Amino acid sequence: MKYNNLDLYKEKEKLLFDKIIIALKDIEQDYNIKISDDEVAYIVKIITTKK
């Protein structure tokens with residue numbers, strides 16, 4: 001599922017985005033998968049959304 005305005009969101013949340021990408025590297029390697037930037041954006045959105 002595509003994340004609208006992905007490039008703008010990546011720029012806005014660059015620090016957290018980069019940290020999550022690093023944290024997911026082991027999962028990608030262990031399961032031989034690639035987690036897309038769109039999926040990472042949704043993870044960042046979940047983390048930063050206030051209830």
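1. Asp38, Val40, Ala41 and Val44 are the buried residues to look for in H3. These four cover an arc of only 155 degrees around the axis, which puts them on the same side of H3. The arc is taken from the directions that lead from the helix axis to the C-beta atoms.

2. A word on how to read the model, which is a predicted one: local features need pLDDT of at least 70 and side-chain atom pairs count only at pLDDT 80 or more, while totals for chains, interfaces and linings use all residues. Residues are numbered from 1 along each chain as its sequence is written, and side-chain values use heavy atoms, with hydrogens and water left out.

3. Now for the overall picture. The chain has three helices and zero strands, giving the pattern α-α-α along the sequence. Helices (H or I, at least four residues) and strands (E, at least two) are DSSP runs, numbered from the N terminus. Taken along the principal axes, the C-alpha atoms fill a box of roughly 30 × 20 × 20 Å. Of the 51 residues in the chain, 25% are buried. Among contacts between residues at least 6 apart in sequence, 62% join residues at least 24 apart; a contact means heavy atoms within 4.5 Å.

4. How far apart are the end C-alpha atoms of helix H3? They are 16 Å apart, which agrees with the 16 Å that the twelve residues 37-48 should span at 1.5 Å a residue. The expected span is 1.5 Å times one less than the number of residues in the helix.

5. What do the buried residues of H3 pack against? Their partners are helix H1 (6-12) and helix H2 (14-31). For the pair H2 and H3, the axes come within 10 Å and cross at roughly 115 degrees. Axes are lines fitted to C-alpha atoms, for helices over the stretch in contact, and angles run from 0 to 180 degrees between N-to-C directions. The crossing is right-handed; that is the name when the near helix is turned clockwise from the far one by less than a right angle, with left-handed used for anticlockwise. On the H2 side, Leu16, Phe17, Ile20, Ile21 and Leu24 take part, and they meet Asp37, Val40, Ala41, Ile43, Val44, Ile47 and Thr48 in H3.

6. Next, the charged pairs. Side chains of opposite charge can pair when their charged atoms come close. A salt bridge here is a side-chain nitrogen of Lys or Arg within 4 Å of a carboxyl oxygen of Asp or Glu, and a search of the whole structure finds four. One of them joins aspartate 37 to lysine 10, the closest N and O atoms being 2.8 Å apart. Aspartate 37 lies in helix H3 and lysine 10 in helix H1, so this pair ties together parts that are 27 residues apart in sequence. Aspartate 37 is partly exposed at 26% relative accessibility, and lysine 10 is partly exposed at 25%.

7. Aspartate 18 pairs with lysine 14, with 2.8 Å between the closest N and O atoms. These residues are four apart in helix H2, which means that about one helical turn separates them. Aspartate 18 is partly exposed, at 32% relative accessibility.

8. Is glutamate 28 buried or exposed? Glutamate 28 is buried, with a relative accessible area of 10%. Its salt-bridge partner is lysine 34, at 3.8 Å between the closest N and O atoms, and lysine 34 is exposed at 62% relative accessibility.

9. Finally, have a look at some asparagines. Asparagine 5, in the segment before H1, has a positive phi of about 55 degrees although it is not a glycine; it is exposed at 56% relative accessibility. Asparagine 32, in the loop between H2 and H3, also has a positive phi, near 50 degrees, and is exposed with a relative accessible area of 72%. Asparagine 4 is found in the segment before H1. Asparagine 4 and aspartate 38 are 34 residues apart in sequence, with 8.7 Å between their C-alpha atoms.

Key: Buried < 20%, exposed > 50% of the residue type's maximum accessible area, 1.4 Å probe, protein only.
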